[in-house]
Amino acid sequence: MSALPPCPKCNSPYTYEDGALLICPECAHEWSADAAGEADATIIRDSNGNPLADGDTVVVIKDLKIKGSSSVVKRGTKVKNIRLVDGDHDIDCRIDGIGQMGLKSEFVKKA
């Protein structure tokens, strides 16, 4: 029996093959067998190309309009303790005076 890699999401050893995909029965995560070694290859970078990490402090480089509101996040606003996420917006954060918000990494630079 060939040894399959553990799930990159929950580290479960009970993965199985289904065609070209590997599947974890515990968390239902599916990934390509070719991409098994590339799970951590996605690095989120700021507008200058510097890699970002959870807990970093960033500065907004452009005035950003907030959907559904007349508020604006002004250029130069410092955002502390960011959290990196997958999806349309790369960064989840809390901005003082505005609240929880999602930002794209192309509009921030590392402080």
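Visitor: Where does N11 lie?
Guide: N11 lies in the segment before strand 1; a strand here is a DSSP run of E with at least two residues, numbered from the N terminus. This is a predicted model, where local features need pLDDT of at least 70, side-chain atom pairs count only at pLDDT 80 or more, and totals for chains, interfaces and linings use all residues. Residues are numbered from 1 along each chain as its sequence is written, and side-chain values use heavy atoms, with hydrogens and water left out.

Visitor: Why is N11 called exposed?
Guide: Exposed means over 50% relative accessible area, buried under 20%, and partly exposed in between (1.4 Å probe, protein chains only). N11 has 57%, so it counts as exposed.

Visitor: What is the phi of N11?
Guide: About 60°, a positive value, although N11 is not a glycine. For context, most residues other than glycine have a negative phi. N81 also has a positive phi, about 55°, and is not a glycine either. N81 sits in the loop between strand 7 (78-79) and strand 8 (83-84), and with a relative accessible area of 58% it is exposed.

Visitor: Back to the segment before strand 1: why is S12 called buried?
Guide: S12 lies in that segment, ahead of strand 1 (16-18). Its relative accessible area is 2%, which is under the 20% limit, so S12 counts as buried.

Visitor: What is S12 in contact with, leaving aside its neighbours within four places in sequence?
Guide: P6, C7, C24 and E26, where contact means heavy atoms within 4.5 Å.

Visitor: What makes the link between the side chains of S12 and E26 a polar contact?
Guide: A polar contact is a pair of N or O atoms within 3.5 Å; within protein, one must be able to donate a hydrogen and the other to accept it, and residues adjacent in sequence count only if both atoms are side-chain atoms. The S12 and E26 side chains are joined at 3.4 Å, so the distance falls within the limit.

Visitor: How many helices and strands does the chain have?
Guide: Zero helices, which would be H or I runs of at least four residues, and 11 strands.
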